[in-house]
Amino acid sequence: MDRLSTCSARARRLRRFVNAFTLATPLGLALARYGRAVVVQGPDGLLLATNYRGFVPAPRAPAVTVGNVVLLRMSAEQAYRRPGLLEHESRHATQWACWLGPLGFLPAYGLASLWSLLRAGNAATRNVFEVRAGLADGGYAPHPEAQPE
Ligand SMILES: [Zn+2]
């Protein structure tokens, strides 16, 4: 099995459908257009919006996923050299689908980011969505006190 494949073909199709239906993927494509990215097909049914230059939603993050669209501040070649990062972003695409798109995922992710900010001083290391997507794969150092409470 392809190392980048994190889900079955059926799950990928369902995720692609839900992320399109909830308008998460169209939102991601609109952001890609705003950020003058070049969109190419990626692994797991993802769309890689390469060389993204937009300021929103995260001006410093190397990658942000919106629906099935991964906004990348790098080329596709650079992204494929970081398979862990693409796996991390693929897990976020699944989270977008599970939380039913922008109306569910964005407020939930925002609250999780706020919780992490209050607990850890950053928006990621105690954010349940980032933890479940894999902190190390996403390029985050695990929180030194991260352990079950
Ligand atoms: Zn992430």
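Biologist: In this predicted model, which residues point one way from strand β2, and which point the other way?
Modeller: Strand β2 covers residues 47-50, and its four side chains are all buried, whichever way they point. One direction is taken by L47 and A49, and the other way is taken by L48 and T50.

Biologist: Is the pairing of β1 with β2 parallel or antiparallel, and over how many bridges does it extend?
Modeller: Strand β1 takes in residues 38-41, and V38 stands opposite T50 of β2. The two strands form a hairpin with five residues between them, where D44 takes a positive phi near 60°. The sense of the pairing is antiparallel, and the number of bridges is four.

Biologist: Which residues have the most contacts inside the largest nonpolar core, and which element supplies its largest share?
Modeller: The core has 24 residues, and those with the most contacts inside it are A32, L48, A49, V69, V70, L71 and L72. At least two residues come from each of α2, β2, β3, β4 and α4. The largest share, five residues, is that of α4.

Biologist: Leaving aside neighbours within four places in sequence, which residues are in contact with L72?
Modeller: L72 is among the residues with the most contacts inside the largest nonpolar core. Once the neighbours within four places in sequence are set aside, the residues in contact with L72 are L48, A49, T50, Y52, A63 and A79.

Biologist: How many of the residues of α4 are buried, and which are they?
Modeller: Helix α4 is mostly covered, since 12 of its 16 residues are buried. The buried residues are L85, L86, H88, E89, S90, R91, H92, A93, T94, Q95, W96 and A97.

Biologist: What span should helix α4 have, and how far apart are its end C-alpha atoms?
Modeller: The helix runs over residues 83-98, and at 1.5 Å a residue its 16 residues should span 22 Å. Just after the helix, L100 takes a positive phi of about 60°.

Biologist: Is R36 buried or exposed, and what phi does it take?
Modeller: R36 lies in the loop between α2 and β1. With 11 C-beta neighbours inside 10 Å, and a limit of 12 or fewer for this class, R36 counts as exposed. Although R36 is not a glycine, its phi is positive, at about 55°.

Biologist: Why does N51 count as partly exposed?
Modeller: N51 belongs to the loop between β2 and β3, and has a positive phi of about 55° although it is not a glycine. A residue is buried at 20 or more neighbours and exposed at 12 or fewer, so N51 falls in between, because its number of C-beta neighbours inside 10 Å is 15.

Biologist: Where is F129, and which residues is it in contact with once its neighbours within four places in sequence are left aside?
Modeller: F129 has its place in helix α6, residues 128-133, and is partly exposed, with 18 other C-beta atoms within 10 Å. Its C-alpha atom is 17 Å from that of L71, which is 58 residues away in sequence. With those sequence neighbours left aside, the residues in contact with F129 are Q95, Y109 and A112.

Biologist: How do the elements of the protein run from the N terminus on, and what is its radius of gyration?
Modeller: The secondary structure comes to six helices and four strands, and their order is α-α-β-β-β-β-α-α-α-α. The globule rule gives 15 Å for 149 residues, and the value for this protein is close to that, so the protein is as compact as a globular protein of that length, with a radius of gyration of 15 Å.

Notes
Residues numbered from 1 in each chain as written. Predicted model: local features only at pLDDT ≥ 70, side-chain atom pairs only at ≥ 80, totals over all residues. Expected span 1.5 Å × (residues − 1). Pairing = 2+ DSSP bridges. Rg over C-alpha atoms; globule rule 2.2 N^0.38 Å. Core = buried A, V, L, I, M, F, W, Y, C linked by C-beta atoms within 7 Å. Contact = placed C-beta atoms within 7 Å.
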